[in-house]
Amino acid sequence: MIIIMEPSATQGQIQTVVNALHNKGFKTVLNKGDVMTVIAAIGDKRIIDPHSFQSYDGVRSVKLIQEPYKLASREGRQEDTVIEFSNGVRIGGLEKPVIIAGPCCVEQDLDGLLRVAEAVKEMGCNFLRGGAFKPRTSPYDFQGLEEKALEYLAIAREKTGLLIVTELMDTLDLDMVCQYADVIQIGARNMQNFKLLKAVGKCDKPVILKRGPAATIREFLLAAEHIMYNGNDKVILCERGIKGVDNNSTRNTLDISAIPVIKKYSHLPIIVDPSHGTGRRYLIEPMAKAGLIVGAHGVMMEVHHDPENASSDGAQSLSIPMFKDVAKRLNKLIGRIDYDNKHSMSMV
Ligand code: PEP
Ligand code: MN
């Protein structure tokens with residue numbers, strides 16, 4: 001930790017900070033410049049709140065050298081985390097990127113869901129997504145079929161062998177969702193719902209954690225840290241777009257650079273969601289490709305049997321024929337990616 005003193009800081013103020021650091025077991029190195037003094041503090045900053053030093057008189061700023069997330073960080077673990085599923089599919093590291101596809105939410109029409117699931121399976125994908133509990137901006141919008149949707153997803157798994165990804169919104173539903181889901185999704189709006197993070201931290205299902213719409217990468221990794229700290233290290237991060245300046249052209253701004261940045265700072269798998277990232281069907285394919293090229297471990301996209309009449313997110317959902325075309329091209333791209341390059345993929 002580095003503490004930068006104000007140019008006007010007195011000798012007494014500098015000494016007070018140094019003494020406080022020594023009392024907390026830190027060693028200090030003073031760098032007295034012409035204009036200001038910088039104090040380098042060496043020690044275990046987990047035992048203090050580093051920002052408490054901000055409140056000392058004469059302190060201009062406090063900077064951390066180590067990242068505050070430990071378990072999610074590459075500093076703590078060099079090798080990539082690879083998550084293995086019951087059917088042998090693996091996500092992370094140099095494994096072949098996966099495709100997760102399905103409707104935004106599961107609707108009354110079971111047959112429609114099964115048609116999507118069959119297409120997902122036919123295209124060689126391994127995961128079916130579908131919301132049972134929906135985080136909707138408006139209370140007047142469709143809120144999800146809850147357990148009935150989970151039952152439909154279980155039927156789809158039974159028929160296709162696909163693994164089920166579904167969102168958990170409330171700790172009260174954890175046991176029920178765990179009964180049906182192979183992967184629990186924590187949605188963007190709940191990225192910092194710490195009780196929810198703690199609850200999924202205590203269960204043994206892999207978790208897809210979506211980036212909050214206004215979250216920094218540090219906040220995102222600290223949210224993952226909460227899950228890991230509570231005992232679950234099977235965390236898959238998902239970049240799904242952040243609030244941008246132009247929500248006429250796109251729903252969110254898909255932060256493609258977050259993918260290699262996260263791969264630099266964390267060993268956790270990171271996937272990309274171009275459906276929520278853009279809100280536009282025609283942008284799913286180009287942005288999925290962009291995500292894969294910069295090293296995403298997978299793509300999550302929305303597919304609906306009748307997008308024009310979908311209960312949610314129809315505009316960012318592919319129809320079944322479109323999905324087949326897009327998946328064919330993504331599979332081709334995945335087949336050409338050079339897996340030797342860790343942080344960003346190159347073509348062979
Ligand atoms: C979803 O995946 O359907 C969803 C609601 O996503 P997000 O939390 O990223 O908005
Ligand atoms: Mn959606």
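Modeller: Happy to! Let's begin with a helix pair: the axes of helix 2 (residues 110–122) and helix 10 (residues 320–336) come within 10 Å and cross at roughly 15 degrees. Keep in mind that this is a predicted model.

Colleague: Why give an angle and a distance?

Modeller: The angle between the axes and the distance between the axes are how two packed helices are described.

Colleague: Okay, so what does that make helix 2 and helix 10 to each other, roughly parallel or roughly antiparallel?

Modeller: Roughly parallel, because angles under 35 degrees count that way. Helix 2 makes a right-handed crossing as it passes helix 10.

Colleague: Which residues meet there, in helix 2 and in helix 10?

Modeller: From helix 2 you have Arg115, Val116, Ala119, Val120 and Glu122, and they meet Ile320, Phe323 and Lys324 of helix 10. The residues of that contact are five nonpolar and three charged, with no polar ones.

Colleague: Got it. Now helix 6 and helix 7: at what angle do they pack?

Modeller: About 55 degrees, with the axes of helix 6 (residues 217–229) and helix 7 (residues 258–265) 11 Å apart. Helix 6 is therefore oblique to helix 7. Their crossing is right-handed.

Colleague: And which residues of helix 6 and helix 7 meet?

Modeller: Ile217, Phe220 and Leu221 on the helix 6 side meet Ala258, Val261, Ile262 and Tyr265 on the helix 7 side. The contact of helix 6 with helix 7 has seven nonpolar residues, no polar and no charged.

Colleague: Let me zoom out. How many helices and strands are there in the protein?

Modeller: The protein has ten helices and 17 strands. Its C-alpha trace spans about 75 × 50 × 40 Å along the principal axes. There are 348 residues, and 53% of them count as buried.

Colleague: Which domains does the domain assignment give?

Modeller: It gives domain 1 (2–63) and domain 2 (83–347). The centres of domain 1 and domain 2, taken over C-alpha atoms, are separated by 44 Å.

Colleague: I'd like to look at a single residue next. Where does Ser312 lie?

Modeller: Ser312 is in the loop between strand 14 (298–303) and strand 15 (317–318).

Colleague: Is Ser312 buried or exposed?

Modeller: Buried, because its relative accessibility is 4% and the cut-off for buried is under 20%.

Colleague: What does Ser312 touch, leaving out residues up to four places away in sequence?

Modeller: Cys104, Cys105, Glu107, Lys134 and Arg136. Glu107 is 205 residues from Ser312 along the chain, yet their C-alpha atoms are separated by 9.6 Å.

Colleague: Last one: what is phi of Glu146 near?

Modeller: Near 55 degrees, a positive value in a residue other than glycine. Glu146 sits in the loop between strand 8 (127–129) and helix 3 (147–160). At 42% relative accessibility, Glu146 counts as partly exposed.

Terms used: Residues numbered from 1 in each chain as written. Chains lettered and ligands numbered in written order. Predicted model: local features only at pLDDT ≥ 70, side-chain atom pairs only at ≥ 80, totals over all residues. Heavy atoms only, no water. Axes fitted to C-alpha atoms, helices over the stretch in contact; angles between N-to-C directions. Helix = DSSP H or I, 4+ residues; strand = E, 2+ residues; numbered from the N terminus. Parallel < 35°, antiparallel > 145°, perpendicular 65-115°, else oblique. Left-handed = near helix turned anticlockwise from the far one by under 90°. Contact = heavy atoms within 4.5 Å. Nonpolar A, V, L, I, M, F, W, Y, C, P; charged D, E, K, R; others polar. Domains from an automatic or database assignment. Buried < 20%, exposed > 50% of the residue type's maximum accessible area, 1.4 Å probe, protein only.
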